[in-house]
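Colleague: I am new to this structure. Please take a close look at one helix for me, and set it in its surroundings.

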Amino acid sequence: MNAALFQELIRKKPVILAPLEDVSDLVFRRLCRKYGATITVTEFVNVEGLLRGCRNAKRKIALAEDDQLTAIQIYGSDPTRLAEAARFAESAQPFYLDINCGCWVPKIAGRGAGAGWLRDPLAMVAMAKMVVESVSVPVTVKTRIGYGPESDMPIVDLARRLEDAGIQALTIHCRTAQMGHSGAADWSWALRAKEVVKIPVIVNGDVKVAEDAKRAIEMTGCEGVMVGRRAIEHPWIFREARALLDRNEAVAPPSHLERIALCREHLVANAEARGEPYGVRVTRRHLAGYLKGLPGAAILRQRLLVEDSLSTCLTILDEAETRLPHAVVANAAALTG
Ligand SMILES: Cc1cc2nc3c(=O)[nH]c(=O)nc-3n(C[C@H](O)[C@H](O)[C@H](O)COP(=O)(O)O)c2cc1C
């Protein structure tokens with residue numbers, strides 16, 4: 001890993017694909033990069049699974065040749081095991097290693113991993129220091145503003161201490177753990193944390209359109225933004241945000257044809273990577289978003305979301321494409337031409 005490249009990229013308003021369990025796998029990372037994601041992050045990987053050699057954990061850290069700008073995220077509750085797992089994950093040559101200190105799900109946070117670390121910020125800092133000292137790749141932390149409902153969020157003091165512990169960047173999901181994914185993200189905490197550290201801070205939470213990315217960076221002074229849920233249904237957000245950040249340009253939304261093409265591409269890639277029917281099924285959560293605004297989208301969704309066979313899905317999409325107004329025009333031109 002090139003440390004200079006890390007510093008350069010992480011300071012240049014990166015628009016980062018968030019770590020998303022069951023979503024930010026190799027296939028989806030590739031799609032998001034194609035649409036302009038600067039950096040991508042794997043699904044979180046359980047350190048015990050990784051150290052046991054569990055198949056799913058191994059799949060999650062397996063990076064492809066074009067994954068040079070992919071970080072691996074790990075989670076666990078035991079500092080020593082996190083450090084060991086970090087060394088193991090380092091051998092997969094990630095762009096950097098990220099420690100999950102933000103997962104709110106009770107079976108994870110309740111056992112002291114993920115956002116559970118926010119219950120004891122000093123222990124989180126000591127753990128991060130141990131991980132930093134165990135590896136030579138840059139280490140970053142992704143966390144929330146606090147556990148909730150603190151009267152004053154610990155994130156500002158925590159940011160300073162994590163910087164002293166040697167982490168190279170901090171991502172702040174601007175909600176408390178108790179909020180889960182509901183309620184509005186409060187970016188003002190990212191601003192306050194950014195004010196006290198020199199390391200790059202990435203703001204996360206509620207970046208839904210390109211304008212949000214620009215606003216979040218302008219409002220907080222953070223180096224970049226991380227996009228989670230919106231990317232699942234609209235990976236075009238990366239090119240839209242890039243165009244706005246780089247050239248102050250609003251790009252046209254994806255055309256109907258492009259929407260259908262992405263459904264095809266994602267289905268085919270997942271079927272190749274995971275086989276049928278699993279690869280088809282895991283693509284479903286994306287399709288409703290991809291098809292938004294298409295004529296007849298509701299019926300199309302109903303048909304696609306119950307279909308396990310790749311070839312039938314592709315036929316349904318082909319039929320939808322021939323029904324598009326542009327296709328009628330194109331066919332007429334071909335007939336008369
Ligand atoms: C389906 C799903 C899976 C997620 N998996 C992870 C994960 O593995 N690691 C992590 O740090 N956060 C995970 N998150 C949280 C996101 O990375 C992100 O912090 C959160 O969704 C807020 O950003 P958003 O408003 O852009 O979605 C997940 C969120 C969702 C919706």
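Modeller: Buried residues make up 50% of the 337 residues in the chain. Buried means that 20 or more other C-beta atoms, placed from the backbone, lie within 10 Å of the residue's own; exposed means 12 or fewer, and partly exposed is in between. This is a predicted model, in which local features need pLDDT of at least 70 and side-chain atom pairs count only at pLDDT 80 or more, while totals for chains, interfaces and linings use all residues. Residues are numbered from 1 along each chain as its sequence is written.

The chain has 17 helices and eight strands. These are DSSP runs, numbered from the N terminus: helices are H or I with at least four residues, strands are E with at least two.

Now the helix itself. H10 covers residues 210-220. Its buried residues are Ala210, Asp212, Ala213, Ala216, Ile217 and Thr220. They sit on the same side of H10 because they cover an arc of only 165 degrees around the axis. That arc is taken from the directions from the helix axis to the C-beta atoms.

What do the buried residues of H10 pack against? Two helices are H9 (188-196) and H12 (237-247). The strands are S1 (15-17), S7 (201-204) and S8 (224-227). Contact here means C-beta atoms, placed from the backbone, within 7 Å. Just after H10 comes Gly221, with a positive phi of about 75 degrees.

Next, the wider setting. The chain is divided into domain 1 (3-247) and domain 2 (256-336), with bounds from an automatic or database domain assignment. Their C-alpha centres lie 32 Å apart. Seven residues from domain 1 and nine residues from domain 2 make the contact. On the domain 1 side, helix H2 (26-34) and helix H11 (229-233) each supply at least two residues. H2 gives the largest share, three residues.

Last, the whole chain. Its C-alpha trace spans about 75 × 45 × 40 Å along its principal axes. Of the contacts with a separation of 6 or more, 66% join residues 24 or more positions apart.
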